[in-house]
Amino acid sequence: MTPSGAKTGSNAEWGQDVLAGDAGNQWAPAWQRETPDPCGGDWRGELKDAIRSGKELCERLAIRRSRHSDEATAERDFPVLAPPFFVSKMRRGDPRDPLFLQVAAAAEETLDVPGFSRDPVGEADLAGAPENGVHPAPALLKKYAGRALLMPTAACAVHCRYCFRRHYPYGERGVNTAGVAAALDAIAADQTIREVILSGGDPLTLADTSLEELAGQIARIPHVTRLRVHTRLPVVIPSRVTDGLLAALTATRLTPIMVVHANHPREICETVAAAIGRIVGAGVPTLNQSVLLKGINDDADTLTELCQRLVNAKAMPYYLHQLDRVAGAAHFEVEEARGRGLIEQLRTRLAGYAVPRYVREVVGKGSKIPVGERPRSQAGYEQL
Ligand code: SF4
């Protein structure tokens, strides 16, 4: 059972699963229910019409919960933002809906919990930059060998309450046109960078023409060979996957890779699967990263269903992240021991390629750290 009481078919294949408890859709398999696009396929309309307050979100979903003054404080710190398509998939009247919980401000966010900070992965602190090279330029992060993360925008299409960048000072850190220009210069000057990762913010909030121009500028740097895009847009606003976007991603000599972000199987409906299918069909390998979140996906049935839907949609499960300990998100944290147990259960249920790597980020480490990964066999590979 999911925390919301919604049963998921643990071994159900695509199209055979039933997510009971969806108000108004007593039995219909979730994937078969084409979610009507409230903005008629206009992704800019989705952005414009996004819900921007918890009050409006609750009214839209007929969710009655006594409003705590700390919720308003949490919203002031990190505003609510939820596009209509994503909201349309939430269950009416259910304050425990796993999609609702990802975007609704909660009173717990205002608690000061030891171990949780505004900069949990050491990105925003520029003081140590010259020594550790984390910030070779404004809007550029270089934490791992061969890769650099370029932030072309601070804007997102949705505000995920658990986001480790929810306090990131984008304005102060040069996430703007000048900052991007300086970042491109820094990438050009560093011959070790093979892959540029566009992140943010969400780079797909930019116009196709802007993305095309940016991809072209990166492609003119000879030592860069790959362009990776981290985005939640294909999941929360699938109409964003336009012909223009696919053309922009595939127009250069760079090998494009897309990493989408879904945490719960209900996010991968037929419309989203079709959007991902178009990305893959255009020749862009697509992966998914999720965050392990208490009350949302911290049970084996939900994670199994999520991975199956992702694989069937051709977005390979890549990472399951242990929550970064960002201030305001402590109530989402799942103990690592429990996370390890969940991954072990996934290994008994799914093919090896469908099990994401369970990782956490440790400040100063040169890669993500696997959480409780089984030791490799002597030959170096497990039998999968
Ligand atoms: S950066 Fe990603 S995880 Fe963070 S709020 Fe934006 S879409 Fe959500």
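Which helix does R338 lie in? Select residues 336-349 and you have the answer: R338 lies in helix 13 (helices are DSSP runs of H or I, at least four residues, numbered from the N terminus).

Before going on, some ground rules. Residues are numbered from 1 along each chain as its sequence is written. This is a predicted model, where local features need pLDDT of at least 70, side-chain atom pairs count only at pLDDT 80 or more, and totals for chains, interfaces and linings use all residues.

Stay on R338: because it has 12 C-beta neighbours inside 10 Å, it counts as exposed (12 or fewer means exposed, 20 or more buried, in between partly exposed, with C-beta atoms placed from the backbone).

Next, pick the ligand. Around it sit C156, V158, H159, C160, C163, R165, G200, D202 and R232, each with its backbone-placed C-beta atom within 6 Å of it.

Last stop: colour by pLDDT, the predictor's confidence in each residue, from 0 to 100. The chain averages 86, and 84% of the residues score at least 70. Over residues 127-131, though, the pLDDT is below 50.

How values were computed
Helix = DSSP H or I, 4+ residues; strand = E, 2+ residues; numbered from the N terminus. Contact = placed C-beta atoms within 7 Å.
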